Amino acid sequence: MDSEALKKYSALHPKPAGLTLQYGTAGFRTKAEQLDHVMFRMGLLAVLRSKAVVSTIGIMVTASHNPEEDNGVKLVDPLGEMLHPSWEEYATQLANAEEGELQRIITEICQKAAVNHHKDASVFIGRDTRPSSEKLSQSVIDGISVLGGQYHDYGLVTTPQLHYMVCCRNTQGQYGKATLEGYYEKLSKAFTELIKQSPSSGESQRHLKIDCANGIGALKLSEMESYFPEEVLIHLYNDGTKEKLNHLCGADFVKVHQKPPRGLDMKPNERCCSFDGDADRIVYYYKDTTGHFHLIDGDKIATLISIFLKELLAKVGQTLKMAVVQTAYANGSSTRYLEETLKVPVHCVKTGVKHLHHKAQEFDVGVYFEANGHGTVLFSKAAETKIRQLAKEEKDDEKREAAKVLENMIDLINQTVGDAVSDMLVIEAILALKGLTVQQWDAIYTDLPNRLLKVQVADRRVIDTTDAERRAVTPSGLQEKIDALVKNYKLSRAFVRPSGTEDVIRIYAEADTQENADALAHEVSLAVYHLAGGKGAPPQPI
């Protein structure tokens, strides 16, 4: 390591005084003007990680569904998964180190993680469409270059596309070609094969309105459109030409506000969907003939996919173990439907994609979605090998055809991470193959009314949780209070958890009516305010 070069370049990317940041599920995220030093240092870290695991590492410059003035960065591990937890700590140390400590901390990381300096380092970089992203990418490149790493800058890509590229490179092309064309070709080929089987193939064009959150999704869908079969007609809205990224639009806005995005004109019973700013989340929705808005979130997406895969697995006749992974935010109706009607095991884990992904890896087929629309399906190596073998060699026609459909689903799903483009194609294929309208999909089960609230506190660490964040351990008396409140309402449950990024406590409540869900959420927020050090005025009724 060239100490003088490190010192010189580090001085060009100075750390603002008094700023401390934490690497969380979403990597680092804050106002763009505070991130220059972080980007430079994550370039350094990516080189160290690449040398330690002797693989290509990804760096994505994005703040996903955050406002346009924010930005962020996350590292992608060799198989397209989230950064390993032990390296999250190194990332936090490195980002918060004072200028004079940088050299020492890098040396410490190298010792702890057994980094071999003689190995080559390779890093893939991608960025979203924010005005700040290009300059911040350049800071990443400075960090990579100082430590002698090689890099490939993909420029503007969705977050899932970068995850995909990293996985392709590290599997020596087994997962696919590490190019955008390779991504488009793999997905569109699998989708076209599936659509061919649909009962109304070619008869009616399938219209879908897509709100692209004024983000990268619009750019990439436009590039991909020529690869789609002609039956599929997509109409892009909020394509980034006029409005600000994520402003009054996008998956997060639609999910939180339970209403359509600005700039998308909906006619009754039309299928619509929204991506988020970096295209790793998707939610569907429609308006019925009375003008009532219906949201189809991650829970209903997971249910639709589970129904379809369970039918196929039964046809193939293999004893492959399938499960659904949810968080405490999943609607109680979805959990009941999956367990009681569909007879699919459901596992609950802590909030955060890495927890869901990790748990889903334990099954032959693991379906995971957060209610916010981030999710995918994982197939174990053994399950995938078996399915591909059956698609080729099975003598029974029905079993072989079912295996072929499963094989195309495997190719259509981006198993590295939630991917709005891939998930959209999976959903469109299933709806076509099952001949389902958006209303029929929505009617599979009825969501329990729910409410999300947050309470500002002096220190979010006063709340500690257990049981996948469904029970509060501290402060004493809080969980007992929540239990007593829940008893007052039918079909109700509530839980509280500290935010991962700010000093607020998040509250979730559901009950048999919206009025009861709102009342329960308010009562729980008052309990949190009084027992967990609330700041400002007490929460007001909704």
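Trainee: Before we start, what should I know about the numbers?

Mentor: Residues are numbered from 1 along each chain as its sequence is written, and side-chain values use heavy atoms, with hydrogens and water left out. The model is predicted, and local features need pLDDT of at least 70, side-chain atom pairs count only at pLDDT 80 or more, while totals for chains, interfaces and linings use all residues.

Trainee: Okay, helices. At what angle do α2 and α4 pack?

Mentor: Helices (H or I, at least four residues) and strands (E, at least two) are DSSP runs, numbered from the N terminus. Axes are lines fitted to C-alpha atoms, for helices over the stretch in contact, and angles run from 0 to 180 degrees between N-to-C directions. Here, α2 (residues 36–53) and α4 (residues 102–112) pack at about 25°, with their axes 11 Å apart. Angles under 35 degrees count as roughly parallel, over 145 as roughly antiparallel, 65 to 115 as roughly perpendicular and the rest as oblique. So α2 and α4 are roughly parallel to each other.

Trainee: And which residues make that contact?

Mentor: Contact means heavy atoms within 4.5 Å. From α2 you get Arg41, Leu44, Leu45 and Leu48, and from α4 Leu102, Ile106, Ile109 and Cys110. For classes, Ala, Val, Leu, Ile, Met, Phe, Trp, Tyr, Cys and Pro count as nonpolar, Asp, Glu, Lys and Arg as charged, and the others, Gly among them, as polar. By that scheme, the contact of α2 with α4 has seven nonpolar, no polar and one charged.

Trainee: How are α17 and α18 arranged, roughly parallel or roughly antiparallel?

Mentor: Their angle is about 160°, with the axes of α17 (residues 478–486) and α18 (residues 514–531) 10 Å apart, so the two are roughly antiparallel. Leu478, Lys481, Ile482, Leu485 and Val486 of α17 meet Leu520, Glu523, Val524, Ala527, Val528 and Leu531 of α18. That contact has nine nonpolar, no polar and two charged residues.

Trainee: Is the crossing of α10 and α15 left-handed or right-handed?

Mentor: A crossing is left-handed if the near helix is turned anticlockwise from the far one by less than a right angle, and right-handed if clockwise. α10 passes α15 in a left-handed crossing, whereas α2 and α4 cross right-handed, and the crossing of α17 and α18 is right-handed. The axes of α10 (residues 298–316) and α15 (residues 420–434) come within 11 Å and cross at roughly 55°, so this pair is oblique.

Trainee: Now holes. How many cavities of 30 Å³ or more are there?

Mentor: On a 1 Å grid over the protein atoms alone, a cavity is a set of points where a 1.4 Å probe fits but cannot get out, and a pocket is an open set with protein on both sides within 12 Å along at least five of seven lines; lining residues have an atom within 4 Å of a point. The structure holds two cavities of that size, 30 Å³ or more.

Trainee: What about the second largest pocket: how much space lies in it?

Mentor: About 1,200 Å³. Of its 43 lining residues, Leu79, Cys167, Tyr175, Gln415 and Thr416 are the closest to the centre. The largest share of that lining, six residues, comes from α12. By class, the lining divides into 15 nonpolar, 16 polar and 12 charged.

Technical notes. Points joined across faces, edges and corners; volume = space filled by probe spheres on them.
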